[in-house]
Structures are given as C-alpha cells and as structure tokens.
Amino acid sequence: MALANETYKELSIKEFTKAAEKYETDKGGVYKLCKKDYPDILKEIEKEDFQDLLDAGCGPAPMLFLLTKQFPQKHYVGIDLTEKMIEVARKKQLPNTELFVGDCENLPFESESFDVVICSMSAHHYPEIDHFYESAYRVLRPNGRLILRDMTVKNKLVRGFVRHIEMPLIRKTGHGDVDMLRCEDVKAGMEKAGFRVLTCEAREHMRLHAVARKAI
C-alpha cells in the first residue's frame, strides 16, 4: 500500500540517520553494493568536460570524494535529505565542495547552475520523482547532463514480487523505498521534463543506467 509522500521521506530520514556512520564501513551491509555504481558514473562524467557538478542524494559523499581526487579543480555540490549524512560528509573536508541538507524533489539552487547532475541509488526514495526530473532540468545549464543510477529488474514476475511484496515489507521495517524504477517510466519522466534521453538501459547487478541531456 502506498504511503503519504511525507511519510516516505520521514522513513528515509530515519533509515539513513541510523546508517550514516556505517554506510561506507564493513558494517554497511546492503549499502556496500552502491560501490558497484561508481565506475559507470565516472565513465559517463569523463566523456565531457564540466565545471560544476551536483550530486543529488549524495549521502556521506563517496562519489564526491572520488571526483575531488580525479578532477580536483572542479566545483562540487552535494545535497541529501538526511542531516546526519551531510554531517558525516562534511567531516571529509572535501576541497571545492559545498554540502547542503535539502530535498532533491525541490533543489534549492539557482537555475542553470550545473553542467552535470548525478543521482546514484537515491531516486527510488522519491515519492514524486517527476518533480526531481523537473528540478534537475531547471538547475542544469543548456546541454548539461543528468546521470541516473538506480535499481531495476527486467523480469516482470520478479519485478512484481519486489514491488508488491518485498518493498511493502521493507517499508514496515522502517525503510523509505517508494518503488523499483523501470526504464520506460524513467525515459518518459525525463522526456516530460524536457530532457533528450541519450540512454536508458538495464545493466548487470539489477541496475538501471540512464543519461539525459538538457536542450541547448
């Protein structure tokens, strides 16, 4: 059964407040699997030059840590709904990086502020994901890119089990997972927001990989 939007967000804040300190440790549990997403995101970022990058749903900033090492002269911004995640991220004292507590469905930044927006394993927590696509489109500069990684399953039976049995059980244990994304829904949502979708595909490890570009 679907929950109220704010309830999803409250659950996510509670979940990730508990997870923040151990997220990147050996005790990170399922969160350790997020490391599988970093190489593919980095490959996309490397394809084009950029100056300003936003990590939406940055958590304790593992991706921003990698990016500041690889591209130290660029400017980075991270935003996360959970204050504790941002607190842990700030302890890293990443160079050229600003970190904010905020809602990715309503990004609190000026229009046309970024060349790249990345969102890794965060979007399945967004109850109004179309608002995120619209907000990402607004803050991107013309020709800017949105790079999205999240969970997906191509098999309809498995997907049905995850959506209607597994996720409701997960929510009862205090997690704010909203839904498992589908490529066709992601593509439609991005296009509705104005993006031109460059790729949207299911990859190994049950991952969805999508890249979209804002019009020039």
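Contact here means heavy atoms within 4.5 Å. The model is a predicted one.

Q: Which residues does arginine 145 touch, not counting residues up to four places away in sequence?
A: Arginine 145 lies in strand E5. Buried means under 20% relative accessible area, so arginine 145, at 3%, counts as buried. Not counting residues up to four places away in sequence, arginine 145 touches Glu44, Ile45, Lys47, Glu48, Asp115, Val116, Val117, Leu140, Val211, Ala212 and Arg213.

Q: Against which elements do the buried residues of H7 pack?
A: In helix H7 (residues 183-193), the buried residues are Cys183, Val186, Gly189, Met190 and Ala193. Their arc around the axis is only 135°, which puts them on the same side of H7. The elements they pack against are helix H5 (129-139), strand E5 (140-151), strand E6 (196-203) and strand E7 (207-213).

Q: What is the phi of the glycine that follows H7?
A: The residue in question is glycine 194. Its phi is positive, near 115°.

Q: Which elements do the buried residues of H3 pack against?
A: Helix H3 (residues 62-70) has Pro62, Met63, Leu64, Leu67 and Thr68 as buried residues. The buried residues of H3 pack against helix H2 (38-46), strand E1 (52-56), strand E2 (75-80), strand E3 (97-101) and strand E4 (114-120).

Q: Which residues of the largest nonpolar core touch the most other members?
A: This core has 35 residues. The elements that give two or more residues to this core are helix H1 (5-19), H2, H3, helix H4 (83-90), E4, E5 and helix H6 (156-172). A second, separate core has 31 residues, including Leu54, Tyr126, Val139 and Val186. In the largest core, the residues that touch the most other members are Ile45, Leu53, Met63, Leu64, Leu67 and Ile118.

Q: With which residues is leucine 67 in contact, leaving aside its neighbours within four places in sequence?
A: Leucine 67 is one of the buried residues of H3. Leaving aside its neighbours within four places in sequence, leucine 67 is in contact with Leu42, Ile45, Leu53, Pro72, Tyr76 and Ile118.

Q: Is glutamate 112 buried or partly exposed?
A: Glutamate 112 lies in the loop between E3 and E4. Although not a glycine, glutamate 112 has a positive phi of about 55°. With a relative accessible area of 44%, glutamate 112 is partly exposed.

Q: What is the relative accessible area of methionine 206?
A: Methionine 206 is in the loop between E6 and E7. Its phi is near 60°, a positive value in a residue other than glycine. Methionine 206 is partly exposed, with a relative accessible area of 45%.

Q: How many disulfides does the structure hold?
A: A disulfide needs a pair of cysteine sulfur atoms within 2.5 Å. For cysteine 34, which is buried at 8%, the nearest cysteine sulfur is that of cysteine 119, 11 Å away. The sulfur of cysteine 119 is 6.1 Å from its closest cysteine sulfur, in cysteine 104, too far for a bond. The number of disulfides is 0.

Methods
Residues numbered from 1 in each chain as written. Predicted model: local features only at pLDDT ≥ 70, side-chain atom pairs only at ≥ 80, totals over all residues. Heavy atoms only, no water. Buried < 20%, exposed > 50% of the residue type's maximum accessible area, 1.4 Å probe, protein only. Helix = DSSP H or I, 4+ residues; strand = E, 2+ residues; numbered from the N terminus. Arc of directions from axis to C-beta. Core = buried A, V, L, I, M, F, W, Y, C linked by side-chain atoms within 4.5 Å.
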